[in-house]
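Subject: Structure for you to look at

Hello,

Here is the structure I said I would pass on. Please open it before you read the rest.

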Amino acid sequence: TILLFLLAVVIGLSLGYDRPHITPAPKELTWGDSTFAIKDCIEFTFDKANSEFQESIKDIYSKVFFAVHKDLQVSQACSFKIRIAVKNSDVMKPLSIDPAHEKYTLTINENGSASIEAAYQIGVLRALDTLAQIFNQDREFLELEFLPIKINDQPRYGYRGLMFDVSREYYPLPVLKKIIDGLRLTKINHLHLHLSDDDSFQIQLPSFPGMTNFTAFSSKEIYTRDQISELIEYARKNGVIIIPEIDIPGHMRALGDDPRFNSLLTCYDRVRPWEMLNGNKIYGGPSAGVLNPTLNETYDFLANLTEDIFSMFKDSAFYHFGGDEVNTTACWVGNPSVKKFMDEHGIETGSDLFNYFNTIVDEIVHNSNRTQANGKPRMTTDKPMTHWVYDRESQIKWEKGAILQYWGSAVNIKNFTKTYSDHKHILSPQDYFYFDCGLGNRYGASL
């Protein structure tokens with residue numbers, strides 16, 4: 001999605017379009033031939049919208065609309081007025097990935113007035129970001145051209161996301177907020193945060209105090225619970241849903257740096273990925289830490305971890321639990337104690353053991369009747385899990401209702417969708433949408 005957006009902008013510039021080039025292209029759009037210049041200020045009026053939403057809109061778009069013409073401001077009694085009518089006036093919680101929730105109508109008249117109609121508040125954001133693209137900021141005044149304009153729009157896909165890796169590199173909150181700003185402007189509605197990997201585990205979890213003393217890059221490179229709450233709230237106001245990913249059962253080497261959890265891993269390697277040769281560093285390192293699926297302690301750890309994730313990311317549409325690049329041959333079948341467990345339980349292959357692991361994790365996540373040792377109910381969820389799927393992983397059986405995110409080659413998408421026809425899919429083929437190993441190669445070469 002992002003690459004296509006950038007390509008569209010480049011094409012639009014190279015062809016020298018006179019009219020604003022709106023991306024993504026609206027479903028319905030009509031233009032006129034009049035111009036209106038805004039010389040004083042912009043006024044917002046709201047029909048049936050709560051005060052929090054009104055202030056949020058004014059704060060966000062005073063920065064967007066007046067990025068060049070900083071002498072302008074949001075005020076009252078202005079020459080240009082934007083009327084906003086939203087049917088659902090509740091506080092915006094974009095829990096659904098239904099494209100209809102983002103539907104809007106934007107009308108801009110020749111006389112210096114605009115109106116936005118939307119069923120939900122998130123549709124208002126989409127309309128205002130369209131309006132931001134229509135403004136011509138290259139003139140002496142802030143101008144609107146080709147009026148009147150009428151747009152009816154809603155996205156084609158309910159999920160439009162960016163996966164951002166904050167485990168191999170630490171990014172402070174101001175950087176993540178800028179990314180959210182960019183997602184809103186380009187109408188991408190999900191920020192998928194890859195929170196854990198072999199390199200680090202930088203999110204503080206209530207169930208495991210002190211863990212980041214061992215698993216983070218440094219004491220300054222962590223995400224506290226308050227920071228996560230702040231980021232989720234910022235994303236919510238910008239119409240972006242944060243999807244947390246804890247990658248299991250593989251890519252857990254960093255967890256093993258905490259002595260309390262080292263025994264939960266097979267194939268643990270004390271050498272950190274960034275200390276390896278460049279090739280391994282780019283791949284994220286070899287199989288340096290895989291959860292042992294034969295231990296009750298592994299599932300106790302996961303029960304506490306998932307409770308923390310569910311409580312911290314309540315507004316997420318689903319929860320991502322990785323599942324990629326698990327070396328079942330070396331780290332499970334090749335481990336004597338794991339192999340003994342497999343023989344005793346009639347588990348023949350590494351893939352069968354992976355399916356055994358998935359069944360228990362599904363029970364941990366979705367069985368609302370589970371209790372803690374003290375008898376108190378466990379926190380579970382009715383939302384789906386999401387897992388990575390690659391070209392070579394077709395033997396793995398995923399739980400009913402799971403959303404599968406494909407990151408293999410684009411030429412194999414049809415095989416993937418056929419193999420997993422009973423599941424919903426997110427398509428992220430690495431040869432088109434991986435910025436670090438895409439159309440060049442994994443080592444940064446050009447086309």
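Below is what was found in it, from the whole chain down to single residues.

The model is predicted, so please keep that in mind with every value below.

Overall picture

The protein has 447 residues, and 51% of them are buried. Its secondary structure comes to 13 helices and 18 strands. The accessible surface is about 21200 Å², with 51% of that area belonging to carbon and sulfur atoms. Take the contacts between residues at least 6 apart in sequence: 70% of them join residues at least 24 apart.

In soluble globular proteins, nonpolar side chains tend to be buried together. The largest nonpolar core here has 69 residues, and Leu191 and Phe313 touch the most other members. Helix α8 (residues 296-312) gives this core its largest share, 8 residues. Apart from this core lies another one of 38 residues, which includes Ile57, Tyr61, Val86 and Phe135.

Leaving out residues up to four places away in sequence, its contacts include Leu162, Phe164, Ile179, Ile180 and Leu183. Val240, Ile241, Ile242 and Ile243 are also among the residues that leucine 191 touches.

Disulfides

How many disulfides does the structure hold? There are 2. If the bonded cysteines are numbered in sequence order, the pairing reads 1-2, 3-4.

Cysteine 41 counts as buried because its relative accessibility is 8%, under the cut-off of 20%. Cysteine 78 is buried too, at 3%.

The other disulfide is formed by cysteine 267 and cysteine 331, whose sulfur atoms are 2.1 Å apart. It also links distant parts of the chain, 64 residues apart: cysteine 267 is in the loop between β13 (265-266) and α7 (278-283), while cysteine 331 is in helix α9 (residues 328-333). This link is left-handed, with -115° about the S-S bond. Is cysteine 267 buried or partly exposed? At 28% relative accessibility, cysteine 267 counts as partly exposed. Cysteine 331 is buried, with a relative accessible area of 1%.

A residue in strand β3

Threonine 45 lies in strand β3. With 30% relative accessibility, threonine 45 counts as partly exposed. Not counting residues up to four places away in sequence, threonine 45 touches Ile82, Arg83 and Ile84. Threonine 45 and serine 115 are 70 residues apart along the chain, and their C-alpha atoms are separated by 9.4 Å.

Helix α10

In helix α10 (residues 336-344), Val338, Phe341 and Met342 are buried. These residues are on the same side of α10, because they cover an arc of only 100° around the axis. On the other side of α10, Pro336, Lys340, Asp343 and Glu344 are exposed. The buried residues of α10 pack against β13, α9 and α11 (350-366). Glycine 346 follows α10 and has a positive phi, near 65°.

Salt bridges

Side chains of opposite charge can pair when their charged atoms come close. The count here is 22 salt bridges.

- Aspartate 59 and lysine 63 have their closest N and O atoms 3.7 Å apart. Both lie in helix α2 (residues 51-65), 4 residues apart, about one turn of the helix. Aspartate 59 is partly exposed at 41%, and lysine 63 is exposed at 57%.
- Aspartate 258 and arginine 260 meet at 2.7 Å, N to O. Aspartate 258 is buried at 0% relative accessibility, whereas arginine 260 is partly exposed at 42%.
- Glutamate 307 and arginine 378 have their closest N and O atoms 3.5 Å apart. They link distant parts of the chain, 71 residues apart: glutamate 307 is in helix α8, and arginine 378 is in the loop between α11 and β16 (385-389). Both residues are buried.
- Glu52, Glu233, Arg236 and Lys237 are linked in a network of salt bridges.

Regards

Definitions and conventions. Residues are numbered from 1 along each chain as its sequence is written. This is a predicted model: local features need pLDDT of at least 70, side-chain atom pairs count only at pLDDT 80 or more; totals for chains, interfaces and linings use all residues. Side-chain values use heavy atoms; hydrogens and water are left out. A disulfide is a pair of cysteine sulfur atoms within 2.5 Å. Buried means under 20% relative accessible area, exposed over 50%, partly exposed in between (1.4 Å probe, protein chains only). Helices (H or I, at least four residues) and strands (E, at least two) are DSSP runs, numbered from the N terminus. Contact means heavy atoms within 4.5 Å. Accessible areas come from the Shrake-Rupley method with a 1.4 Å probe; for residues, only the protein chains shown count as cover. A nonpolar core is a set of buried Ala, Val, Leu, Ile, Met, Phe, Trp, Tyr and Cys residues joined through side-chain atoms within 4.5 Å. The arc is that of the directions from the helix axis to the C-beta atoms. A salt bridge is a side-chain nitrogen of Lys or Arg within 4 Å of a carboxyl oxygen of Asp or Glu.
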